[in-house]
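Here is a short briefing on one helix packing and a set of charged pairs. Keep the model open while reading.

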Amino acid sequence: MERFEQVVAEVRKQVEPDGDERERLQQVARSLAERAENAIADLPVEADVIQVGSTARGTWTSGDRDIDLFVRFPPELDRETLESYGLQIGHEVLPGGHEEFAEHPYVKGEFEGFDVDLVPCYRVESATKIQSAVDRTPFHTQYLEARLDDELAGEVLLFKQFLKGIGAYGSDLRTEGFSGYLAELLVLEYGGFRALLEAVADWHPPVRFDPEDHGTETFGDPLVVIDPTDPERNVAAVLSPENFARLQHYARDLLANPRESLFFADSPDPLTSSEVSEFVADRGTTPVAIRFDAPDVVEDQLYPQLQKSLSGVADALSRRGFELLRADLFADETAVLFFELSVPERPAIERHDGPPVHVRAHATGFYEKYDADDSYGPFIDGDRYAVERKREFTTAIGFLESDSVFDAALGVHVEKTMRRGYEVLSGGEIGELAEEFGRELARYFAPKP
């Protein structure tokens, strides 16, 4: 207990913003709000500005430079006009900003050293009456501001930094981890960081919390936290089973062996091409990779499509007898679907079992289908028909380089990009990926929880 308290006290010193940092952020936020209010004054509609997110709730860690401002418009305003006014205000407040897109476009930019999002939304009566997904965000801030005191805010800082250190922080579809809001609700539920870790260490999924006891929906996720402002929403819907398990692993680790290093991510040194080749030779497996230009879409569209494509090609390889050890994906300027195979080549024939002979209709159909081709058989093995037929692809490379790869379940944008051209790398050629993905390959070949 004493060692744990010493560690978290030291971590808190490092991650808690001091008075000057807090005051600086508040000054910039006030200045941004004034600029937004001046821009609103030129519009023929009433609207207001609200700061949301961790910097509004005092649960941000030192060094965070994010300020989120929402401009709330009347609910009767049509969507097209809301988007137009929102972008107009955004560009006036952030002249050098650029447009990004969530459910609708908003402006993102830099102001006096801070990263700022200026997002339009509707000012609805409650989160159950939202007209846009972002409409509920102000209600999250209001809910937590009324319940988080300074002590609990400090406990939230510890949990957020811990999640960052273990690589499980972020609700984007690349990370599939814990959002700041989810982290805050969990600390609020248990009353502190240590109590939360002790509970997490013994969680058995599915785990469900309903802070306001008002949930109306059933979810199949490993962690279900009913949004206190919306009875139909699971705040933890994005959380992957891997990150659920990762939190459990490191919660037990920190409780058993408290140390500061778990709070700060340790990024591995990137592998060189020759080091990748050494790993490949040492493992004696057959790595293969499909590489193509990364589709030009936002990350929350890109990563689900890459994951779908990775799963689709992995399934196609497995069905063709190329035993899959592990698979991963990387993305930057290019995108890579990476597969490590236990067997690179299969015999010229494969066995295909048919139905039991006594299942007359199906058995007859199977027999007649293969009796007319050049398969070995049909013959009877036990109580069923079987054949040994020519294998379409005897090597994984042959399959990946063929048009049959497009029969796999691919993401729409991934398939479009691949049809314009892609390359297949195998064996020692995998080292070519190190120039762009040396760090990702280091994580792959030296995996941690």
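A salt bridge here is a side-chain nitrogen of Lys or Arg within 4 Å of a carboxyl oxygen of Asp or Glu. By this rule the count comes to 25 salt bridges. The model is predicted: local features need pLDDT of at least 70, side-chain atom pairs count only at pLDDT 80 or more, and totals for chains, interfaces and linings use all residues. Residues are numbered from 1 along each chain as its sequence is written, and side-chain values use heavy atoms, with hydrogens and water left out.

Helices and strands are DSSP runs, numbered from the N terminus (helices: H or I, at least four residues; strands: E, at least two). Buried means under 20% relative accessible area, exposed means over 50%, and partly exposed is in between (1.4 Å probe, protein chains only).

- Glu-299 forms a salt bridge with Arg-174, with the closest N and O atoms 3.3 Å apart.
- Glu-299 lies in helix 11 (residues 299-319) and Arg-174 in the loop between helix 6 (150-166) and helix 7 (180-190), so the pair ties together parts 125 residues apart in sequence.
- Glu-299 counts as partly exposed, at 38% relative accessibility. Arg-174 also counts as partly exposed, at 42%.
- Glu-350 forms a salt bridge with Arg-391; the closest N and O atoms are 3.5 Å apart.
- This pair links distant parts of the chain, 41 residues apart: Glu-350 is in strand 11 (residues 349-356), Arg-391 in the loop between strand 13 (384-390) and helix 13 (396-400).
- Arg-391 counts as buried, at 12% relative accessibility.

- Glu-415 forms a salt bridge with Arg-419, the closest N and O atoms being 3.1 Å apart.
- Both residues sit in helix 14 (residues 412-420); being 4 residues apart, Glu-415 and Arg-419 are separated by about one helical turn.
- Glu-415 is partly exposed, with a relative accessible area of 23%, whereas Arg-419 counts as exposed, at 52%.

**Helix packing**

- Helix 1 (residues 2-15) and helix 8 (residues 193-200) pack at an angle of about 120°, their axes 12 Å apart. Axes are lines fitted to C-alpha atoms, for helices over the stretch in contact, and angles run from 0 to 180 degrees between N-to-C directions.
- The contact (heavy atoms within 4.5 Å) is made by Phe-4, Glu-5 and Val-8 of helix 1 and Phe-193, Arg-194 and Leu-197 of helix 8.
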